[in-house]
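Take a look at the sequence and the model, then read on.

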Number of protein chains: 2
Amino acid sequence: MINKNELKYIQSFAHKKHWAEESVFIIEGPKMMEELMASDWVIRQAYATKDWIQNQPFKPHYVTEVADFELDKISQLQKGNQVLALVEKKQVNEPLPLKGRMTLLLDGIQDPGNLGTIIRTADWFGLDQIVVSADTASCFNPKVVQSTMGSILRVQVVVADLPELIQSVRIPIYGAVLEGKSIQTIDLAKEGVLVIGNESRGIRQPLLSLITDPITIPRYGTAESLNAAVATGIILAKWQH
Amino acid sequence: MINKNELKYIQSFAHKKHWAEESVFIIEGPKMMEELMASDWVIRQAYATKDWIQNQPFKPHYVTEVADFELDKISQLQKGNQVLALVEKKQVNEPLPLKGRMTLLLDGIQDPGNLGTIIRTADWFGLDQIVVSADTASCFNPKVVQSTMGSILRVQVVVADLPELIQSVRIPIYGAVLEGKSIQTIDLAKEGVLVIGNESRGIRQPLLSLITDPITIPRYGTAESLNAAVATGIILAKWQH
């Protein structure tokens, strides 16, 4: 049973002003919940149906049982999916060192679905962090969280001033551009940074001039560009090869 | 100036019953319009703002000038974007021969954004047709059309019975599955078929048993799966290499 105040509070996560400012974010569905419970993220509160609870070895202390129609009311999805949790956001102020790893940098990715898919793709290819510009969509946007399919719990997403971050590092800075070296012929170093630009404007100055290795996915047809998440996936597949 | 009947007619394209049954589909924005006008697709009617018309060498006969607020009213986007056209659907009953080309087969792709992005990606890699199962999202869904970014005008999308289509062809049938040969080690033949399955169920029987070469994108991290459009992009990039 959920009370009126809780109901109102959770429903307000539909509005950006709310989800952006709150110290928790929403995760839904049994699959994501399972990954959440196995992680070090702190669950502040969860609402689950009887069915979900009966499938657990014991009822976790943070779970309130709700009826299906109650879950539907608080869900951000078209229909509730067994369980919804409020998870404490992690405060990450400092990116992990760029040296010794592959890091993805996102310069102004706007579409929440694209960002979520990029986080999921980075997770598939074993990257442990993504650094994003302040104007990139928020990783706590409910649409982003949902489209990461749980990867938000594993890939650290940090907001930083991208030009400042890379201006003095001595590793390759790859940038996905329309006229660069073909990723089919270039050897991508395992220690480096890959910059993906905004969906329509690409990588912006002054970041663009800090790219040491502009790279391109060869085109064989007539489309003007590739979707940002698809382009990221193709380059990461080549990078990890 | 647009009249009440036209207004009502175009607005009804927001509903599936309408866009699925009508003989025309909607394309929006100056970029897609430019590609449309350079193509062999038949434009039945278009509505454009004064600004758009003034940028043309002459006003095409099928264009009605409308005010910005009128375009906003008929647009499927959040806000009108200079021009909206009603384009006649092409009736394609027969796929192009599978021999001598690379063909993409989609088995039950549900998400309109995924389908649109897949069409755009296929266009980038030079494929001229995609054959889809009857339960795949419709390529004339306004969300699909928009996310193809114009590629819908160049890549032929045909609905067919997929098992029947491939059961007697003598070319490789690649299928993207979780446990197949790594695309990094296998040599993909330029004449062949690539099957991409549904977002959650993958490739279904009896299609699955017709796959001659199950292939996989190697995983380096912990995500359970890749987005269908991202996976398609990664395999097409390797196929065209």
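In chain A, β8 and strand β10 (residues 213-216) pair in the parallel sense over five bridges. Two strands count as paired if DSSP finds at least two bridges between them. Helices (H or I, at least four residues) and strands (E, at least two) are DSSP runs, numbered from the N terminus.

This is a predicted model: local features need pLDDT of at least 70, side-chain atom pairs count only at pLDDT 80 or more, and totals for chains, interfaces and linings use all residues. Residues are numbered from 1 along each chain as its sequence is written, while chains are lettered from A and ligands numbered from 1 in the order in which they are written.

**Strand pairs**

Strand β8(A) covers residues 173-182 and also pairs with β9(A), residues 192-197. The table lists parallel pairs from both chains.

| Pair | Bridges | Residues standing opposite |
|---|---|---|
| β8(A) and β10(A) | five | A:Y174 and A:D213 |
| β8(A) and β9(A) | three | A:Y174 and A:L194 |
| β2(B) and β3(B) | three | B:A48 and B:E65 |

**A sheet in chain B**

Which order do the four strands of the open sheet in chain B take? The order is β1-β4-β2-β3, with mixed pairing. Strands β1 (24-28) and β3 (63-65) of chain B stand at the edges with a single partner strand each, so one side of each has no neighbour in the sheet. From one strand to the next, the twist averages 20°. Axes are lines fitted to C-alpha atoms, for helices over the stretch in contact, and angles run from 0 to 180 degrees between N-to-C directions.

Helix α3(B), residues 30-37, lies across β1, β2 and β4 of chain B. This helix runs at about 35° to β4(B). Residues are in contact if their C-beta atoms, placed from the backbone, lie within 7 Å.

**Two helices in chain A**

The axes of α6(A) (residues 112-124) and α9(A) (residues 228-240) come within 9 Å and cross at roughly 15°. The two helices are therefore roughly parallel to each other (angles under 35 degrees count as such). Residues A:N114, A:T117, A:I118, A:T121 and A:A122 in α6(A) meet A:A228, A:A229, A:T232, A:G233 and A:L236 in α9(A).

**Between the chains**

The contact takes 29 residues from chain B and 29 residues from chain A. On the side of chain B that touches chain A, the elements giving two or more residues are α6 (112-124) and α9 (228-240) of chain B.

Definitions and conventions
Contact = placed C-beta atoms within 7 Å. Parallel < 35°, antiparallel > 145°, perpendicular 65-115°, else oblique.
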